[in-house]
Amino acid sequence: MSEWKEYKLGEIGEVITGKTPSKKNPEQWGNNMPFVTPTDFDAYNKSILGSIRCLSEQGINAFQKKILPIDSVIVTCIGSQMGKVALNKKECVTNQQINSIIPHKEFNSNFIYYIFCSMQDYLRNLATGGSTMPIVNKSTFEQITIKAPDYTTQTAIAEILSSLDDKIELNNKINQELENLAQTLFKQWFIDFEFPNENGEPYKSSGGEMVDSELGEIPKGWGVVSFKETIEKYIDNRGKTPPVISDGIPIVEVKHMSDSSIFPSLKTQKFVSEEVYENWFRAYLEQDDLLMSTVGTIGRLNITPKNEIFAIAQNVLGLRFKKEILTQHYMFCLMRSKLFNDEINSRLIITVQASIKRSDLEKIPVIIPYYSILNKFEIQVRTLFNKISNLTKENQELTKLRDTLLPKLISGELTIEELQQTT
């Protein structure tokens, strides 16, 4: 059995605190190297492949000492994103809210990454500066102690956990490709109007008759209604904050909503009792209802999965559409389209946080196609969304397994040999 030794972070590698280009040097911004900030972590799973902003060649030259080689361990050390961790797969620079470790050769980057995955609560408790803006500075960060075995054992542990994360990331990529296929078909049929006619030919380019509407030309026989007219039922919490308990039915907040189409299993510390759930809310979410964020990050959209029970917070709106005139997946693709999001953006109320009123949302015009065309679309895309749902469920099981193994493996409670004997 490998001996585990205690190390300070300053001993396992070089610690780099990032820095932001001065406003006096706008020429240091460009498109040549990722500039990673805590905000970027919302888009990451384990790997950093890019960022919202990038440095120019001038910026790269100015920050040579801050450049992080591939597979540095990058940790957010300030504010609400405290303790999030990732590995960069491209050379990058970070801002000053991030401390990064360039591990020495006797330490495995992936193993250190998983150590930090279990340390978020510890870092928050260690942070100074009060609850409004907690911070772990470089000197404090370097003094944090961890335990690690020899490099061979580190690598074996990291490979087990990485195999699970790699599968999760692969499933996420497949899900994104499947959703892109659905959106491509939606655009072809309902924006370009090249759905198959009775002869199987693309409608518009084959001379299909078009008529004027408030949204421009649409196929003859199709209609335009307001978003309000598509709604069968809104699901919300009556605009109030329900009494919260430590266990029960989980509450969906905007921060829990994912960029994937199917809503994942919910990790939250906010719950409501069955009594509150039954009496507080106007209605209850059912399979294939849509969830939409209406404040802050506007327009996040998820499909409610089968056999899941959720309550929803004030800034989340549940939507159930009239099945006699359209389908949920048509509305999902429509609401994910640029056309619809442009309509939302033109109606936003910008104060401290952006928001959209339901009354403004209800005015957005929606094209209603022939139901026979909708059914053909539904048959094709439901297959895609069923695959997305299955891969999402698989990811939930993989995540559960990883989260169970992680603390046991990185603490030495469970050895590689013991794990191999149980599998």
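Colleague: Which residues lie nearest the centre of the largest cavity?
Modeller: In this predicted model, local features need pLDDT of at least 70 and side-chain atom pairs pLDDT 80 or more, whereas totals for chains, interfaces and linings use all residues. Residues are numbered from 1 along each chain as its sequence is written, and side-chain values use heavy atoms, without hydrogens and water. The largest cavity (grid points, 1 Å apart, where a 1.4 Å probe fits but cannot get out) is lined by 13 residues, those with an atom within 4 Å of a point. Nearest its centre lie Leu215, Leu334, Leu339, Pro365 and Ile367.

Colleague: What volume does the largest cavity have?
Modeller: The structure holds two cavities of 30 Å³ or more, a volume being the space filled by probe spheres set on the joined points. The second largest cavity comes to about 30 Å³, and the largest to about 110 Å³.

Colleague: How many charged residues are in the lining of the largest cavity?
Modeller: The lining of the second largest cavity, which includes Tyr277, Phe281 and Phe310, divides into nine nonpolar, no polar and no charged residues. For the largest cavity the lining has twelve nonpolar residues and no polar ones, and its charged residues number one.

Colleague: Why is Cys92 in no disulfide, and which cysteine has the closest sulfur?
Modeller: The whole structure has zero disulfides (pairs of cysteine sulfur atoms within 2.5 Å). Cys77 is in none, the nearest cysteine sulfur, that of Cys117, being 14 Å away.

How values were computed:
On a 1 Å grid over the protein atoms alone, a cavity is a set of points where a 1.4 Å probe fits but cannot get out, and a pocket is an open set with protein on both sides within 12 Å along at least five of seven lines; lining residues have an atom within 4 Å of a point. Ala, Val, Leu, Ile, Met, Phe, Trp, Tyr, Cys and Pro count as nonpolar, Asp, Glu, Lys and Arg as charged, and the others, Gly among them, as polar.
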